Amino acid sequence: SPAEWVTALAYLKARAARDHAGPDALILAADTVCVLDGRIIGQPRDARHAAAMITSMADRSHEALTGVCLLDADTGGRTLRHDRAIVQLGPLTPEQIGRYVASEQWRGKAGAYNYFERLDDGWPLSVRGDPHTVVGLPIRLVRDMLVRHGSEVAA
């Protein structure tokens, strides 16, 4: 499933970092994908792909899934979780999409956009769930994971 996929990616990132971490390290890794019509939408390959992604999501909703892994470098113990948010993107004109794609701000972003940047730019966006899930690090979920691990977390 998309949730299992993105959570596995978070684990693989954490596992790769373990090789470079000290023995007492606690490693946090995350990965994010968008899901539209049951299909995983990752990062765009190029400008044309970015435009197609944004066009396909315009005037409809999609899921943003972020998988999170908390890995104890010493023991190899891990906690895997994921969070889901539903993003509604309103209508966008071809000119808006063209200007955005030309800006190259889509590079390296799941679904070809950053929620907070696009919201600040006036895009018609709303979210059901944690907006931080959409941008790649669900703060409430991570805080809960750290507390359950026994880490001290500031309020």
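Please keep in mind that the model is predicted.

I'll start with the whole chain. Its secondary structure comes to six helices and five strands. In sequence order the pattern reads α-β-β-α-β-β-α-α-β-α-α. The C-alpha trace spans about 50 × 30 × 25 Å along its principal axes. There are 155 residues in the chain, and 39% of them count as buried. As for contacts between residues at least 6 apart in sequence, 68% of these join residues at least 24 apart.

Next, a helix pair. Helix 2 covers residues 47–57 and helix 3 covers residues 94–103; their axes come within 10 Å and cross at roughly 140°. Helix 2 and helix 3 are therefore oblique to each other. The crossing of helix 2 past helix 3 is right-handed. Which residues meet there? On the helix 2 side they are Ala 47, Ala 50, Ala 51, Ile 54 and Thr 55, and on the helix 3 side Ile 97, Tyr 100 and Val 101. Sorted by class, this contact between helix 2 and helix 3 has seven nonpolar residues, one polar residue and no charged ones.

Now the cores. The largest nonpolar core has 23 residues, and those touching the most other members are Ile 54, Met 57, Val 87, Leu 89, Tyr 113, Trp 123 and Val 134. At least two residues of this core come from each of strand 1 (26–36), helix 2, strand 4 (78–89) and helix 3. The most come from helix 2, which gives four residues.

Setting aside residues up to four places away in sequence, Val 134 touches Thr 32, Ala 64, Ala 85, Val 87, Tyr 113, Tyr 115 and Val 127. A second, separate core has seven residues, including Ala 14, Ile 27, Ala 29 and Leu 71.

Ala 29, from the second core, lies in strand 1. Its relative accessible area is 9%, so Ala 29 is buried. Beyond its neighbours within four places in sequence, Ala 29 is in contact with Ala 10, Lys 13, Ala 14, Gly 67, Val 68 and Cys 69.

Val 33 is also placed in strand 1. Is Val 33 buried or exposed? With a relative accessible area of 4%, Val 33 is buried. Residues up to four places away in sequence aside, Val 33 touches Val 6, Ile 40, Ile 41, Glu 63, Ala 64, Leu 65 and Ala 110. Take Ala 64 from that list: Val 33 and Ala 64 are 31 residues apart in sequence, while their C-alpha atoms are 5.9 Å apart in space. Ala 64 was also on the list for Val 134.

Thr 7 has a relative accessible area of 10% and is buried. What does Thr 7 touch, not counting residues up to four places away in sequence? The answer is Gly 67, Val 68, Leu 80, Arg 81 and His 82. Gly 67 and Val 68 are contacts of Ala 29 as well. From C-alpha to C-alpha, Ala 29 and Thr 7 are 9.6 Å apart in space, and 22 residues apart in sequence.

Methods. Residues are numbered from 1 along each chain as its sequence is written. This is a predicted model: local features need pLDDT of at least 70, side-chain atom pairs count only at pLDDT 80 or more; totals for chains, interfaces and linings use all residues. Side-chain values use heavy atoms; hydrogens and water are left out. Axes are lines fitted to C-alpha atoms, for helices over the stretch in contact, and angles run from 0 to 180 degrees between N-to-C directions. Angles under 35 degrees count as roughly parallel, over 145 as roughly antiparallel, 65 to 115 as roughly perpendicular and the rest as oblique. A crossing is left-handed if the near helix is turned anticlockwise from the far one by less than a right angle, and right-handed if clockwise. Contact means heavy atoms within 4.5 Å. Ala, Val, Leu, Ile, Met, Phe, Trp, Tyr, Cys and Pro count as nonpolar, Asp, Glu, Lys and Arg as charged, and the others, Gly among them, as polar. A nonpolar core is a set of buried Ala, Val, Leu, Ile, Met, Phe, Trp, Tyr and Cys residues joined through side-chain atoms within 4.5 Å. Buried means under 20% relative accessible area, exposed over 50%, partly exposed in between (1.4 Å probe, protein chains only).
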